[in-house]
Amino acid sequence: MTNSIDLLTLRQPDDWHLHLRDGSILKSVLGHTTRVFRRAIVMPNILPPIKTIVAAEAYRQRIIAAIPSKDLFTPLMTAYLTDDFCSKELEDGYNKGVFFAAKLYPANSTTNSSEGVTSIDAIHSLLETMERIDMPLLIHGESTESHIDIFDREAVFIDRCLIPLLSRYPNLRVVLEHITTEQAVRFVEASSSRLAATITPHHLHINRNAMFSGGLRSDFYCLPVAKRERHRLALRRAATSGNPRFFLGTDSAPHLRAAKQSSCGCAGIFNAPYALESYLDVFEAEDALDRLEAFASEFGAAFYGLPLNKSLITLEKCTHTIRSSFQVELEDKCQENLVPFHSGENLRWRVLRKD
Ligand code: DOR
Ligand code: ZN
């Protein structure tokens with residue numbers, strides 16, 4: 001990484017956790033990611049979810065067709081685990097290089113997760129297969145029983161599901177996605193090198209007050225929900241610590257404004273347009289600019305056993321105000337809006353060029 005006062009050049013980063021959706025939303029959002037990131041792990045919770053090799057390959061082709069011609073970008077596809085997912089399909093998909101990893105959504109934990117996994121026992125043979133073939137397991141780590149307080153769901157999941165899972169499958173490679181609590185930070189720090197975690201920009205910036213500041217703010221509603229301030233500070237310490245088991249995963253999750261603001265608003269924060277700038281803001285504030293490149297561009301690739309990107313990206317210091325929304329033209333020609341994270345705020349850096 002090279003750094004002058006006003007310019008910062010680093011190895012091109014990858015996004016290890018991304019929602020792209022499909023159809024016109026995919027076409028509208030993809031360029032925000034490919035402008036900055038060289039690869040991304042694409043989440044499978046579209047409608048219908050990605051449960052077969054054929055579906056993953058077709059979705060990959062739709063993504064590739066939507067990449068702006070100026071950008072080089074590799075989508076890494078995931079399988080959506082269900083109780084009845086066939087082990088052979090998973091293994092074949094991994095061996096063919098179609099499935100890069102598999103995603104475990106506890107049933108009804110988040111957007112389009114109703115077909116998710118009902119218990120760890122229900123997917124025993126899948127986990128055994130994945131451990132044997134060294135296929136990464138990506139986990140949405142929240143327990144969903146209605147008596148568990150929503151702010152405790154991640155910590156409870158670690159105690160009741162993740163600890164038994166890791167001891168039953170000690171060689172399984174696991175990523176605890178979008179961690180939100182100091183319990184998760186401490187747990188990852190104390191675990192074996194088979195376990196890593198991604199951290200989003202929004203969980204580094206907001207605590208749970210953001211959802212209720214001056215009214216109900218659906219733009220800040222995501223899952224897992226943002227927690228108390230002490231958890232946000234623990235995440236900032238983890239992300240900027242230089243520990244290779246914490247790396248970048250934006251969890252950019254676009255939902256149209258109408259879907260966010262309905263009587264049952266969707267969970268998800270659309271951070272793709274300024275994700276790198278958002279992380280940079282945190283690393284600069286924490287006096288850890290020298291650790292951004294490893295977090296954004298090295299630790300994830302190393303964990304997944306992929307080569308580091310050779311291309312570079314340069315950002316310039318230049319305070320700019322984030323636009324309030326991006327327009328999407330839907331299939332029926334209606335216009336709708338996506339509101340980006342940091343909408344209306346100032347950020348201090350912006351991407352200048354890729355080399
Ligand atoms: O906030 C979220 N949005 N969390 C998730 O786990 C899913 C995502 C989505 O797909 O919208
Ligand atoms: Zn996600």
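These exercises work through a predicted model, each with a solution in steps.

**Exercise 1. The zinc site**

Identify the residues that coordinate the zinc ion (ligand 2), and give their spacing in sequence.

Solution. 
- Step 1: List the donors. The zinc ion (ligand 2) is held by H17 through NE2, H19 through NE2 and D251 through OD.
- Step 2: Read the distances. They run from 2.0 to 2.1 Å.
- Step 3: Write the spacing. The pattern is H-x1-H-x231-D.
- Step 4: Check the histidines. H17 and H19 are both buried.

**Exercise 2. Helix α10**

Solution. 
- Step 1: Take the cut-off. Buried means under 20% relative accessible area.
- Step 2: Apply it. The buried residues of α10 are A275, L276, E277, S278, Y279, L280, D281, V282, F283 and E284.

**Exercise 3. The nonpolar cores**

Find the residues that touch the most other members of the largest nonpolar core.

Solution. 
- Step 1: Name them. In this core of 89 residues they are L81, L90, L137 and L165.
- Step 2: Trace the source. Helix α10 gives the largest share of this core, six residues.
- Step 3: Follow L81. Beyond its neighbours within four places in sequence, L81 contacts residues including L90, A102, L104, V117, I123, L126, M130 and L137.
- Step 4: Separate the rest. A second core holds 17 residues, among them Y80, A196, F247 and A301.

**Exercise 4. Two aromatic pairs**

Classify the ring pairs F247–F303 and F270–F326, and locate their members.

Solution. 
- Step 1: Set the limits. Planes under 30 degrees apart count as stacked, over 60 as edge-to-face, and the rest as tilted.
- Step 2: Classify F247–F303. The planes meet at 40°, with centres 5.8 Å apart, so this pair is tilted.
- Step 3: Locate it. F247 is in strand β10 and F303 in helix α12, so the pair ties together parts 56 residues apart in sequence.
- Step 4: Check burial. F247 is buried at 0% relative accessibility; F303 is buried at 11%.
- Step 5: Classify F270–F326. At 85° between planes and 6.3 Å between centres, this pair is edge-to-face.
- Step 6: Locate it. F270 sits in the loop between α9 and α10, and F326 in strand β12.
- Step 7: Check burial again. F270 is buried at 4%, and F326 at 11%.
- Step 8: Widen the view. Ring pairs join F247 and F303 with W16, F100 and Y304 in a cluster.

Technical notes
Residues numbered from 1 in each chain as written. Chains lettered and ligands numbered in written order. Predicted model: local features only at pLDDT ≥ 70, side-chain atom pairs only at ≥ 80, totals over all residues. Heavy atoms only, no water. Buried < 20%, exposed > 50% of the residue type's maximum accessible area, 1.4 Å probe, protein only. Helix = DSSP H or I, 4+ residues; strand = E, 2+ residues; numbered from the N terminus. Donors = N, O, S within 2.8 Å, 3.2 Å for Na, K, Ca; no water. Core = buried A, V, L, I, M, F, W, Y, C linked by side-chain atoms within 4.5 Å. Contact = heavy atoms within 4.5 Å. Phe/Tyr/Trp six-rings, centres within 6.5 Å; stacked < 30°, edge-to-face > 60°.
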